[in-house]
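Hi everyone, thanks for coming.

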Amino acid sequence: TLTGIAGTAGAAEILATVRDSKGHPVEDAVILAMPLNRKALEVAKPAGQFIDQVNKEFIPYVRVVFSGTSVSFPNRDNIRHHVYSFSPAKKFELPLYSGVSAPPVLFDKTGVVVLGCNIHDWMIGYVYVADTPFFGKTGKEGRATLGNLPAGDYQVRLWHPDMEKEEQATLQRVTIADKPANLAWTIALKPSFRIPRPVGANNSGYR
């Protein structure tokens, strides 16, 4: 799991659980907690993040960042990648490069940014640019912990790349203080379509 921006004053936390319509845990669900007292947002300062490229995949598959965060895209492979996005929240292109030579990308508009590689069509990843610094992401067991939250009232919602409903349909309101708040969602997922990776692809050449 991931927590929001470190260093936020407070001791409250939200424990979130996400399952699909068949009761299976859902990984990579983004949990977002928006304080009704917007002054709580003023304490957050975005810290730099990264998305690796390892064995011709984006790692992690989903990265959550607070708006105003710069993200680096180091290439750990021994071949070159060409990272791009056409998403309205951030259109950018990092021409063919290897290592850590590509400049960081500033994500300063909220929304979902879909990542791709012009060389390897099956490579896909997501950057969720959040309007709140208080967020988490579920692991394989479908659970996430949002810690260091200022006590108060929150509207909590979730997003997932394959979710059928809109984010607003997932809203829950919760008041948190000195005890953890437990929230749970059951969501319907659309079939996930990803371009298949070529059989036998290795780290030689561009493939």
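So, where does T132 lie? You'll find T132 in the loop between β12, residues 124–130, and β13, residues 135–137. Keep in mind as we go that this is a predicted model.

Is T132 buried or exposed? It counts as buried, because its relative accessibility is 0%. One reaches the backbone oxygen of A33 at 2.8 Å, and another goes to the backbone nitrogen of F134 at 3.1 Å. If we set aside neighbours within four places in sequence, T132 is in contact with L32, A33, M34, P35, L41 and F66.

Now for the rings. The count of aromatic pairs comes to seven. Take Y61 and Y126: they pair edge-to-face, 5.5 Å centre to centre, with 90° between the planes. That pair links distant parts of the chain, with Y61 in the loop between β5 (57–59) and β6 (62–66) and Y126 in strand β12, 65 residues apart. Both Y61 and Y126 are buried.

Y126 also forms an edge-to-face pair with W159, at 5.8 Å between centres and 65° between planes. Here too distant parts of the chain are linked: Y126 in strand β12 and W159 in strand β15, residues 152–159, are 33 residues apart. W159 is buried, as is Y126. Together, Y61, Y126, Y128 and W159 form one aromatic cluster.

One last stop, for those of you who like a charge over a ring: R63 lies over the face of F50, 5.2 Å from the ring centre. Thanks, everyone!

Terms used
Residues numbered from 1 in each chain as written. Predicted model: local features only at pLDDT ≥ 70, side-chain atom pairs only at ≥ 80, totals over all residues. Heavy atoms only, no water. Helix = DSSP H or I, 4+ residues; strand = E, 2+ residues; numbered from the N terminus. Buried < 20%, exposed > 50% of the residue type's maximum accessible area, 1.4 Å probe, protein only. Polar contact = N/O pair within 3.5 Å; in protein donor to acceptor, adjacent residues only side chain to side chain. Contact = heavy atoms within 4.5 Å. Phe/Tyr/Trp six-rings, centres within 6.5 Å; stacked < 30°, edge-to-face > 60°. Lys NZ or Arg CZ within 6 Å of the ring centre and 35° of its normal.
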